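The following note sets out some points for discussion on the structure shown below. Please read the points alongside the sequence and the coordinates.

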Amino acid sequence: VQLLTGGGDSAPTAPLPPSKPAGLNIQEDGGGGEMNELGWLFKWTNYLKGYQRRWFVLSNGLLSYYRTQAEMAHTCRGTIPLATAHIEVGDTCHLVLTSGGRSYHLKATSEGECQRWVSALQQAKANATLLIHHSDDSGDEAPVPQEDRALTQGVLKTLASKLDDLSTCNELIGKHGAALQRSLSELEDLRGSTDSTDKVKTVNERATLFRITSNAMINACRDFLDVAESHSRRWQKALQHEREQRHHLEETIEQLAKQHNSLERAWRENPSSYTDVEHSQEGDASDENDEAEFFDAMEESPAFLLKLKPCVLSYFLQDTSTTNHMQLRRTRRSRIPDKPNYSLNLWSIMKNCIGKDLSKIPMPVNFNEPLSMLQRLTEDLEYSELLDRAARCDSSLEQLCLVAAFSVSSYSTTVHRTAKPFNPLLGETYELDRLEEYGYRSICEQVSHHPPAAAHHVTSQRGWTLWQHITIDSKFRGKYISVVPLGNIHLQFHSSGNHYVWSKVTSTVHNIIVGKLWIDQSGDIDIVNTTTKDTCRLKFSPYSYFSREVPRKVTGVVEDRESTAHYILSGTWDDKMESSKIVDSSQGCGGSEGKQKTVYQTLQPKLLWKKYPLPDNAENMHFFSSLALTLNEPEEGVAPTDSRLRPDQRLMEAGLWDEANGQKQRLEERQRLERKRREAQANQALEEGQDIEGYNPLWFEKRTDDRTGESTYTYRGGYWEAKDRQDWSQCPDIF
């Protein structure tokens, strides 16, 4: 009907979702220009949550929205380009913005407020449209080849002319269609009269004109479609070429990032050697001309040329003299044998174990990774430099931010690590001596088998000491496995005496029955400085398919002893953490149970921690990090109970899984016999009325913590002295 009557092209009105009362606070720019912060609006989300309060910001033709004003510093929930948006006013204070095929339903609290929104948005849309036209007319864009420019302009002119033809045909069809309709109406009125013959002739003429015009319309559409299709193929090829160039660039940047990571680690292991290299390069450079030649990049690089000075190039390539100098200290291994491709049905083993403690389920090594739980605890030290930085902090609140980042960083290595570590045998130990590289050394011991519990102690020459006693409570729930670490982690800085205490969150492995295994971390971490009473609560948001939150999100607030917030922490546990200093706070609305939410104004976020990229071929090496690859590397002089000497774990790392399963069964049977022997001795002592003495760890003893009042295993000392003497006579033969 619109086609025949020459109707307009207005879009149909979209149905509005159900409404809900809302409030609005509009803040305008005092300079009389475009509004910068429009304030609060209610935005339709879905039929479950309805309208939700959002903070909207209008700037440079873009309408952005956030959950709170504090999110302006780090997280934008969405952006609507007004230059291409359609603004529609609905009923009862509703606005509908349509852009890119998506509609945004917004709502103000009154008609007056709604009109102010509409005026501001329309003015911003007009300004953005003028800005786009001005940009098209200016010559500031990147240079385009003259042939491509001429060809593109020719195609655009052709398409424009075809559009004009289509418009003309549309008008003619509307005109002749209306005339034909009138003629048909007159013919109906004159049926049976003598003038009917002339009217029929007129109708036939107008029908012929309508058919001719319709055919012209069809031909014009076909021409337009042919031109668009012929050139769309060329544009698709150009777009594909740009995608390939972008992919190549991303690969190049990733390679540079990995090289940078390797160089950074090498420098941390031996900074003095790089200082010597710098001095030698400065001496060589003094004899060269300042206008020395630049080296071109390799042919495999993208179209642009990467040019490096000789000294920079030699830094990346690590010339022979530097390599020889670095070999004065031990080089840690950077790879292990690739993981064999063995298939095994997990459900066939786990179906009879629902609800049981995971540590009591006999599992083949196919579901393990070649590291023990003691080594996984030690892997928390992957980012120990965060504690080195924290030890140098003068402010306890800034120190707390770094401690919080350290607590999150320990989960970054688990994102792809769905395999189970080996359960340590009772009395098993693991040491990690990194005094020369990172200034710390660590000792772990399995102090209990049921329930499995491990004690850990780390001393650093860079001003801190860390210790923990962790008991693992794991349950198999059919579709997923939950691992709940029980116990606290303690950290004390030597210079300030600040003592921090926190615990770990729950780890969950999903898709046990079907699908790809994936791991999630969820729960809260409360970090308390028992010296100053400063606190930080970190929230690990569980993953949800229906949530719009960033996956693996972590947020937190750092407060002093008066509960005054000073820093906002945000990030993800598998990538990075940032801190934003709070400069102002105000009470908002929308809290649960009638409580008001606090809205924080912050400065720009500051990066606290960033995850290192995984080594090359990590997907075939159990997704181990650079530190994890070295944890099971053979060491001389370690205790005979060290995890590196465990035979089943060593065989699994070498890819000999059948042999590893045989050794694992042997060790577990030996441990069961040893437990029965201790139980028999205890029963005999009970019958004889003697005191029953349970198992006592070798390097740790049970004490009551003075600050927290908890009973925990702490390091009693003597391990490193025994290692210096190579006196392991007290160690049991557990392997």
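1. Helix H11 (396-409) and strand S13 (464-476) each contribute at least two residues to the lining of the largest cavity. Helices (H or I, at least four residues) and strands (E, at least two) are DSSP runs numbered from the N terminus. A cavity is a set of points on a 1 Å grid over the protein atoms alone where a 1.4 Å probe fits but cannot get out, and lining residues have an atom within 4 Å of a point. The model is predicted: local features need pLDDT of at least 70, side-chain atom pairs count only at pLDDT 80 or more, and totals for chains, interfaces and linings use all residues. Residues are numbered from 1 along each chain as its sequence is written, and side-chain values use heavy atoms, with hydrogens and water left out.

2. The volume of the largest cavity is about 80 Å³, a volume being the space filled by probe spheres set on the points, which are joined across faces, edges and corners. Its lining includes Asp380, Leu381, Phe406, Trp502 and Lys504.

3. The second largest cavity has a volume of about 60 Å³. Among its lining residues are Asn261, Arg265, Glu382, Tyr612 and Ser626. Across the whole structure, the search finds 3 cavities of 30 Å³ or more.

4. The largest nonpolar core comprises 63 residues, and Trp464, Leu491 and Trp502 are among those with the most contacts inside it. Such a core is a set of buried Ala, Val, Leu, Ile, Met, Phe, Trp, Tyr and Cys residues joined through side-chain atoms within 4.5 Å; buried means under 20% relative accessible area, exposed over 50%, and partly exposed in between (1.4 Å probe, protein chains only). H11 gives the most to this core, with 9 residues. A second, separate core of 20 residues includes Leu58 and Trp117.

5. Proline 451 is placed in the loop between strand S11 (440-448) and strand S12 (453-460).

6. Phenylalanine 623, although not a glycine, has a positive phi of about 55°. This residue lies in the loop between strand S24 (606-610) and helix H13 (626-631), and counts as partly exposed at 28% relative accessibility. Glutamine 726 likewise is not a glycine and has a positive phi of about 55°; its position is in the segment after helix H16 (719-725).

Technical notes:
On a 1 Å grid over the protein atoms alone, a cavity is a set of points where a 1.4 Å probe fits but cannot get out, and a pocket is an open set with protein on both sides within 12 Å along at least five of seven lines; lining residues have an atom within 4 Å of a point.
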